[in-house]
Amino acid sequence: MKVLVSDNLSPVGVKVLEDAGLKVDVNTGLAPDELKKIIGSYDGLVIRSATKVTADLLEAAGKLKVVGRAGIGLDNVDIHAASEKGVVVMNAPDGNAVTTAEHAISMMLALSRNIPQATASMKAGKWEKKKFMGREVTGKTLGIIGIGRIGSIAASRAQGLKMKTIAYDPHMPKEMAEKIGVELVGLEELAKRSDYITVHVPKTKETANLVSTEFFSNMKPDAMFIDCARGGVCDEEALYVALKEKVIGGAALDVFAVEPTTPENCPLLQLDNFVCTPHLGASTSEAQDNVALIIGRQISDFLLNGSVTNAVNVPSVSSDVLAQVGPYITLGEMLGSMHMQISRGGIEEVNIEYSGELADMNTSPITVAFLKGLFTPILQDAVNYVNAPIIAKDRGIRVIESRSDQAGDFTNTLSIKVKASEGENVLVGTVFGRNEPRLVRLNMFRLEALPSGPMLLVFNKDVPGVIGDLGTTLGKAGVNISRMTVGREEASNQNIILLSTDQLISRDLLAKVQALKNIDAAQGLDLNGY
Ligand SMILES: NC(=O)C1=CN([C@@H]2O[C@H](COP(=O)(O)OP(=O)(O)OC[C@H]3O[C@@H](n4cnc5c(N)ncnc54)[C@H](O)[C@@H]3O)[C@@H](O)[C@H]2O)C=CC1
Ligand SMILES: O=C(O)C(=O)COP(=O)(O)O
């Protein structure tokens, strides 16, 4: 079996693959068409963030069985296309967290003491001692956006530097943050109170452009902003204006909306109060050895023994179990994603009830898939079919499973209640026929919906004209409705309408829907990939 390493990988990873008996070719920096020409002869592909694994490339990869990412981010992989081709995609989400947190702290100190600017000035033959007056970080407040793996390590390092640490992470229970000495606050409060702000969230629908003109206008005029997470979480145009007009004191970016970035497409690179690195967050020999070792072992285990670890698109179960509960694994993951998107506040408890014949089956992969689905909208590539239960435990979420012989009107049901700090929701699902997942209850509403693709969830009064108004509003915006389900609760005169649409609902369109008469609430859902 042959493995191609197409991005820079630490030699320890290559050694692990070779020692296992695999033939390894290292061929980095290939243009897409060059890669496409040779990919057909490989069983495995090892990448970092440079190689783009597109549907087009996968089309040419006739023998390919696995793509391994030495690191976390899979933004450069078309996971959906890989799943359709039966290619397993795996990553190594734990190997580079310390290193990336250290990079964020380095950026903070480099900004505080003007180290890059002073270096450039001295190399230009100057001795500008007065120009580069810095300031101490001791006693200052570090605001952390996203207090997950990397954010919490950054907090502990900052505490070591005698800084106060506050964080914004609406999905993290308060007690978990308090345990690590971090006060949880709202986004606006974080902007107003912090002297330094560092971002450690993945790029999701919620976090895209989270750091905007409004955010910068709330920051202190001498505060500094750092992003070593993902390009596009911060609006680069808004940052440019904030730095140019001295709305904030300085900024450092390791990640960009377009990578590789150049002075032509990134005007930030012209500013004196801007410091940057070319996506070096994970680039230390220690972190690279870690992720290379992990991915090398996972790929050889898979290619030689068929065992799947840390895969993002295949549950780690035997083919027998998959044949029995496979459709419920898909259903569980869909319900997980939907639960996270409709839930408000930090999740505290999950109750999963398996009913009917399901009660006698091996349901643990369904629970794992549910948890993976639950965390994917907020953690993206950092969650997979192996670490999802560990993430739940680390976040202090109680996962309770129960079984019942009775499944009501259906042969089997999966009924899941999620309690969050601001309320609870119940979703019940079943599988029709051999492989047709359906959502059959959402809280008090009975319905029959396929929880997949882009959707719009509407809560409305049960009066004539609502569906017509909705259809017209979506139609005017050019959005096609492919399915519609109405759930009715006669006692309360309340309905829900769940629509499947051909594209995601934009913020503007959602605002128009929310403004319609007799509509109490509406939200877009993204169940893509299911
Ligand atoms: N610059 C680089 O080279 C590297 C960048 N990264 C990136 O760093 C980021 C963080 O990684 P980890 O800490 O391992 O992830 P993680 O999954 O452990 O933590 C992410 C945190 O963000 C929070 N979050 C999600 N949506 C949020 C929102 N709307 N507002 C506030 N918080 C929100 C989650 O609740 C979670 O606590 C990822 O995007 C990752 O890809 C990771 C490694 C290297
Ligand atoms: O692991 C990640 O998500 C990273 O962003 C690191 O990217 P890299 O492997 O350095 O190209």
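**Helix crossing and ligand shells**

α13 passes α14 in a right-handed crossing, meaning the near helix is turned clockwise from the far one by less than a right angle.

Q: What kind of model is this?
A: A predicted one: local features need pLDDT of at least 70, side-chain atom pairs count only at pLDDT 80 or more, and totals for chains, interfaces and linings use all residues. Residues are numbered from 1 along each chain as its sequence is written, with chains lettered from A and ligands numbered from 1 in the order written.

Q: At what angle do α13 and α14 cross?
A: Roughly 30°, with the axes of α13 (residues 319-342) and α14 coming within 7 Å. Axes are lines fitted to C-alpha atoms over the stretch in contact, and angles run from 0 to 180 degrees between N-to-C directions. Helices are DSSP runs of H or I, at least four residues, numbered from the N terminus.

Q: Parallel or perpendicular?
A: That makes α13 roughly parallel to α14, a label for angles under 35 degrees.

Q: Ligand 1: how many residues surround it?
A: 34, and Gly146, Gly148, Arg149, Ile150 and Gly281 are the closest. A residue counts if its C-beta atom, placed from the backbone, lies within 6 Å.

Q: Which helix gives the largest share?
A: α7, with three residues.

Q: Why is ligand 1 said to lie between domains?
A: Because domain 2 (97-276) and domain 3 (315-443) both give residues to its shell. The bounds come from an automatic or database domain assignment.

Q: And which residues surround ligand 2?
A: Arg48, Ser49, Gly71, Ile72, Gly73, Asn96, His279, Gly281, Ala282 and Ser283.

How values were computed. Helices (H or I, at least four residues) and strands (E, at least two) are DSSP runs, numbered from the N terminus. Angles under 35 degrees count as roughly parallel, over 145 as roughly antiparallel, 65 to 115 as roughly perpendicular and the rest as oblique.
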